Amino acid sequence: MAVLTGWLLILIGLAVGAGGAWLLWLGGSAYYVVAALGFVLTGALMVARRPGALWIYALLILGTGVWSVWEVGLDWWALVPRGAVIVALGLWLLLPFINRGLHGTGGQPWTLAAGPLAVTVVLAAALALLSWQRDPHDLSGALPDARAPAPDSGIEDGDWHAYGRTGLGQRYSPLDRITPDNVGRLEKLWTYHTGDVRGDGDPTETTYEVTPLKVDDTLYLCTPHHWVIALDADTGEERWKYDPEIDKDISRQHQTCRGLSYFPGHRADDGLESGGDQALAASGSGLEERPDTAEDRRCRRRLFLPTADARLIALDPDDGRVCRDFGDDGAVNLWANMPHQKDGFYYSTSPPVVTEDRVIVGGAVNDNVSTSEPSGVIRAYDVDSGELLWNWDPGNPDDTAPIAEGETYSASTPNSWSVSSVDEDLGLVYVPMGNQVPDQWGKNRNPRSARFSSSIVALELATGQVRWVFQTVHNDLWDMDVPAQPSLVDLTTDAGTVPALVAPTKQGDVYVLDRRTGEPVVPVEEQPAPASLGYQPVADTQPASALSLNPPPLRGRDMWGATLFDQLACRIQFHRLHYQGRYTPPSERGSLIYPGNFGVFNWGGLAVDPRRQVAFATPAYLAFVSTLVPRGDATTDYVSDGKPGLGENYGAPYAVTLKPFLSPLGLPCQQPPWGYVAGLDLVSGEVVWKHRNGTVRDQAPVPLPFKMGVPDLGGPIITAGGVAFMSGTLDYYVRAYDLTTGDTLWEDRLPAGGQATPMTYSDSQGRQRVLVVAGGHGSLGTRAGDAIIVYGLPD
C-alpha cells in the first residue's frame with residue numbers, strides 16, 4: 001500500500017504542478033508549484049519506502065496552513081477547502097498499514113518520522129476548530145429606535161393594498177402583535193394550493209414572485225400564468241378564481257406575475273387634499289362626475305391585472321368578473337402603437353401604479369435578442385374608462401400627449417419591468433428604468449433615450465413630463481438595471497425633514513435622494529471606471545453612493561472550491577479573464593463581472609421602517625462571466641447553435657454569453673458568503689450590521705445545513721413589532737429576524753422555493769398573520785410548487 005500511495009501522490013503532484021505552472025505563468029500564486037513538489041517528493045520517497053516521506057508531507061501540511069492563513073485569515077469556509085484533501089492524505093499516511101513498510105520505522109507507526117506528521121495534522125485540526133468559532137465577515141451592531149411618529153398610511157393597519165403595502169413601496173406594516181419575544185411561537189395555520197405549477201412548454205423562468213394583497217376580509221393574488229384568486233383571509237377558503245386564458249409561449253423570457261394593483265374607488269367629492277391632486281384636477285383627467293350606472297356600481301372598486309400577453313385587465317374585487325367599461329371590453333391592449341410587434345417580446349410582469357384617477361403601467365422586453373425591440377414607453381390610463389391620458393416615450397420624452405392613431409413609439413428604448421412608486425402629494429411617480437437593449441452592446445444607442453437607461457425617473461402624474469432623472473450607471477454594458485421599486489420615506493436630518501427616495505441597485509449602491517429634486521441626500525461621487533477594451537466606448541466615470549453594499553474587488557486569493565483542485569481551476573479561470581474591478585467591459589476573451597447582473601439587489605428591493613428610518617436589506621454576491629461572440633452577419637447569422645445562455649443580439653456585431661462564474665463542480669468560484677442580511681441607517685448612511693444568511697441544504701449534493709450564506713431572490717418586509725421576514729433564499733425556508741440586530745429568531749421549512757416577498761395582515765379578530773408564497777423559481781432551479789401558507793401565533 002505504501003508504494004501505491006506513493007504513485008497516487010506523484011500523480012496528484014504532477015496534476016497540481018501542471019495547473020500550478022499555468023497559474024504562475026498567468027501571474028497567480030506560486031503555492032501550487034511548491035505544493036506539487038511536496039506531493040511528488042513525498043510520493044517518490046513512499047515508492048522508495050523511505051521514512052523521510054512523512055517529514056516532507058508534514059512540511060507540506062505546515063506550509064499549506066501558513067499560506068492559507070496568510071491569504072484568508074481565520075475564515076473557516078475559505079481555509080478548509082485549501083487544506084482538506086492534504087490533511088486527509090496526511091491521516092492516510094499515519095495509518096499503520098501504510099507507514100509500517102517504510103524502511104527505518106521498525107514496523108512501528110509512531111516513530112520519529114511519523115511524529116511530526118501527527119503534530120501537523122493536529123495543528124491543522126486546531127486551526128480549523130479555531131476558525132470555526134469566528135466569522136470575519138460578520139458585522140454586529142444595533143439599529144436606532146424610532147426617530148419619528150408612525151405616519152398615517154391612509155389604509156387600515158391590518159391591510160396590504162399594494163405591492164409594497166402602499167404606493168410608497170416601504171414594505172412596512174404597522175402591525176406589532178408579533179415581536180422578537182414571541183415570534184418563535186409562530187405556527188402554520190393553513191395552506192392553499194393554487195393548482196398553477198410550472199410545467200412542459202413553459203419558459204425556464206416561470207416563477208412565483210407574487211406578493212398578495214389584503215383588502216378588508218379578502219386576499220388577492222396572481223399566479224405565474226396570471227390566474228387571479230381571491231381567498232378568505234381568515235380560513236384560506238377560495239372565493240373566486242379568474243383565468244385570463246393566456247397561451248403558453250416559450251419565446252417569453254419570463255412567465256411571472258409579481259402582483260395585482262387595487263383601486264379603492266373615488267374619494268368623496270368634498271374637495272381635494274393636496275397640491276398633487278389639485279394638479280390632476282386641473283388637468284381635466286377624469287375627476288368629473290360620472291354616470292351612476294349599474295356597471296359603475298359593480299366596479300367602483302377594481303383590481304388591475306397586467307398579463308404576459310400584454311393586456312391590462314380590470315376586475316371587480318367582489319366576484320372576479322371583468323369590468324367591461326374599462327378599455328376594450330375590460331382590457332387595454334398594451335401592444336397598441338408598439339413597434340416590432342412579435343408574440344412574447346413585450347409583456348408586463350409587475351403591478352402598475354394606481355392613483356385617484358389613473359393607472360400607470362410599464363413593461364418588459366426580451367433581453368439580448370435584437371437591436372430592434374418594442375418600446376419602453378410608460379403609459380397612464382383613466383382608471384375608469386381605460387382611456388390613454390399620457391405616454392412617456394424615452395425616445396421622445398418631451399411629447400407626452402397621447403400618441404396619434406397609426407403612429408408608433410420609439411423602438412428599443414430603456415424599459416421599466418419592475419415596480420414604480422408614487423407620491424400623490426407631490427404629484428410624482430418614480431420609475432426604475434432598465435438598460436437599453438441589447439444589454440452588453442452599447443455602441444449605437446440613441447443618445448436621446450440613453451440618458452434614461454439604468455436610472456430613476458420622476459414623472460409628473462398629471463402630464464407624464466420628466467421632473468428629474470438620476471442615472472445610476474452611465475452607458476450600461478452590464479445589465480445593471482435599477483431592478484427594484486424605490487422606497488419613499490421622510491428622513492430626519494440636520495436640515496430638517498427631507499422627503500427621500502431610497503433605491504437599491506444591482507451593483508450594490510443604495511441611493512438616497514430628495515424625491516422632490518433627485519438630488520442626493522447621502523453623498524454620491526463620480527469615480528474613475530475601467531478603460532475600454534477596444535470593442536465599444538465606455539464611460540470615464542461611474543456614480544458611487546456613500547451608502548453601499550458593493551463588495552470589494554475580487555483577487556486570486558478569493559477564489560474558492562470544494563477541494564484544492566477545483567480551487568486551482570478557478571484561479572486559472574480568474575487570471576484568464578479580463579478583470580479590472582467593477583464595470584469591467586465585456587470582451588471576446590471573457591470578462592469577469594462582479595457584482596454580476598443577478599445583482600447585489602434585484603426586484604425584491606429593501607424594506608424601510610419610516611419610524612426608525614432604517615432599512616432591512618438582503619444583499620447577494622455572485623460573479624458572472626460576460627463574453628462577446630462575433631457574428632458573421634449582424635442581422636441573420638445564427639450563432640448560438642442551441643447553446644443555453646447565449647443572446648443572439650440580431651443587428652449587433654456580437655452575440656453574448658452571460659453565465660455564473662462557476663468551478664468545474666458547478667460551485668461558485670468566489671468564496672462564500674454569497675448572501676447576507678444587513679441593517680442600514682438611512683440617516684447616517686451607514687451599514688450597521690451584516691450577517692451571512694441561508695444554508696446550502698437545498699443546493700449541495702449532500703443536503704447538509706451549512707450556513708454559508710446563499711443568494712436570495714425576493715424581498716423582505718418589516719413590522720412595527722421590530723421583526724423582519726424574508727423567504728427568498730435558495731434554501732426552502734421562511735425566516736424571521738430581529739430588526740435591531742439582524743439575529744435570526746425563527747424559521748420554518750417550505751415545500752418549495754420561496755422566491756417571493758412575504759406579507760403580513762390581521763384577520764377578522766385582529767390577530768396578526770404572516771403570509772408566504774412557496775412556488776419556486778425556474779431559472780434558479782428551486783423546487784416548483786403552488787403553496788400559499790399563512791402563519792400565526794397560537795390563540
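The model is predicted, so local features need pLDDT of at least 70 and side-chain atom pairs count only at pLDDT 80 or more, while totals for chains, interfaces and linings use all residues. Residues are numbered from 1 along each chain as its sequence is written, and side-chain values use heavy atoms, with hydrogens and water left out.

Searching the whole structure turns up three disulfides (pairs of cysteine sulfur atoms within 2.5 Å). Counted along the chain, the bonded cysteines pair up as 1-2, 3-4, 5-6.

Cys 222 and Cys 257 make one of these links, with sulfur atoms 2.1 Å apart. The pair ties together distant parts of the chain, 35 residues apart: Cys 222 sits in strand S5 (residues 218-222), and Cys 257 in the loop between strands S8 (255-256) and S9 (261-263). Helices (H or I, at least four residues) and strands (E, at least two) are DSSP runs, numbered from the N terminus. The torsion about the S-S bond is about -95°, so this disulfide is left-handed. Cys 222 has 0% relative accessibility and counts as buried (under 20% relative accessible area; exposed is over 50%, partly exposed in between, with a 1.4 Å probe and protein chains only). Cys 257, at 1%, is buried too.

Next come Cys 299 and Cys 323, whose sulfur atoms lie 2.0 Å apart. Their link is left-handed, with -90° about the S-S bond. Cys 299 is buried at 1% relative accessibility, and Cys 323 is buried at 0%.

Cys 570 and Cys 669 also form a disulfide, sulfur atoms 2.0 Å apart. Here Cys 570 belongs to helix H10 (residues 564-576), while Cys 669 lies in the loop between strand S33 (654-660) and strand S34 (676-681), 99 residues apart. Both cysteines are buried.
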